[in-house]
Amino acid sequence: MSRIYKYPLQLTKIQEIEMPRGAQVIHVGVQANTICLWAIVDTACPVERRSFAILATGHLNFNPEIMRHLGSVIMNEGALVWHVFEPKEAS
C-alpha cells in the first residue's frame with residue numbers, strides 16, 4: 001500500500017535512513033526546527049538503507065556528477081540554508 005512518510009534528518013553531513021525499497025522523495029522541508037524529507041513509500045516493499053547528505057551553503061564540497069539535489073531549506077530566520085543530496089545511483 002502506498003503512503004507518504006516523513007523522515008526527520010539529523011544535521012550531519014552524511015547519514016543513512018531505512019526506507020521501503022523504491023521510496024520516492026517528494027519534498028524536503030523544515031518542521032519544528034528539524035529538517036525532514038517526505039517520500040511516497042510502498043509499505044509492502046522490503047526496507048533498504050539510503051544515504052543522504054546535508055551541506056551548508058558555501059561548504060559544498062561534493063561531486064555534482066554523483067549527487068542529486070533533493071531540496072534546500074532555510075532556517076533561523078534566513079541565517080542558515082541547508083541543501084539535501086542523495087547519491088544518484090540510489091535514486
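Start with the contacts of the whole chain, where contact means heavy atoms within 4.5 Å. Among contacts between residues at least 6 apart in sequence, 62% join residues at least 24 apart. This is a predicted model: local features need pLDDT of at least 70, side-chain atom pairs count only at pLDDT 80 or more, and totals for chains, interfaces and linings use all residues. Residues are numbered from 1 along each chain as its sequence is written, and side-chain values use heavy atoms, with hydrogens and water left out.

**The whole chain**

Switch to a cartoon view. The chain has seven strands and zero helices. Both kinds of element are DSSP runs, numbered from the N terminus: helices are H or I with at least four residues, strands are E with at least two. Along the sequence the pattern reads β-β-β-β-β-β-β. The radius of gyration, taken over C-alpha atoms, is 13 Å for the chain. Now show the C-alpha atoms alone. They fill a box of roughly 40 × 30 × 15 Å along the principal axes. Of the 91 residues, 36% count as buried. Buried means under 20% relative accessible area, exposed means over 50%, and partly exposed lies in between (1.4 Å probe, protein chains only).

Select residues 2-8, 24-31 and 34-42. Here is an open sheet with the order S1-S4-S3 and antiparallel pairing. Two strands pair if DSSP finds at least two bridges between them. Which strands stand at the edges? They are S1 (2-8) and S3 (24-31), and each pairs on one side only. Neighbouring strands of this sheet are turned by 25° against each other on average, direction ignored. Axes here are lines fitted to C-alpha atoms, for helices over the stretch in contact, and angles run from 0 to 180 degrees between N-to-C directions.

Zoom in on S1 and S4. Seven bridges join these antiparallel strands. Pick arginine 3: its bridge partner in S4 is valine 41.

**The aromatic pair**

How many aromatic pairs does a search of the whole structure find? It finds one. Show tyrosine 5 and tyrosine 7: their pair is tilted, at 6.4 Å centre to centre with 55° between the planes. Rings of Phe, Tyr and Trp (its six-membered ring) pair if their centres lie within 6.5 Å; planes under 30 degrees apart count as stacked, over 60 as edge-to-face and the rest as tilted. Tyrosine 5 is partly exposed at 33% relative accessible area, whereas tyrosine 7 is buried at 9%.

**The four-strand sheet**

Next, select S2, S5, S7 and S6. In that order they form an open sheet with antiparallel pairing. S2 (14-20) and S6 (67-75) stand at the edges, each with a single partner strand, so one side of each has no neighbour in the sheet. The twist averages 30° from one strand to the next.

Move to S6 and S7 (residues 80-87). Eight bridges pair these strands in the antiparallel sense. Find arginine 68, which stands opposite glutamate 86 in S7.

**Arginine 50**

Last stop: arginine 50, in strand S5 (residues 47-56). Is arginine 50 buried or exposed? It counts as buried, because its relative accessibility is 4%. Show its side chain. A polar contact of 2.7 Å joins it to the side chain of glutamate 86. Such a contact is a pair of N or O atoms within 3.5 Å; within protein, one must be able to donate a hydrogen and the other to accept it, and residues adjacent in sequence count only if both atoms are side-chain atoms. The side chain of arginine 50 also reaches the backbone oxygen of alanine 23, at 2.6 Å.

How values were computed: Rg over C-alpha atoms; globule rule 2.2 N^0.38 Å.
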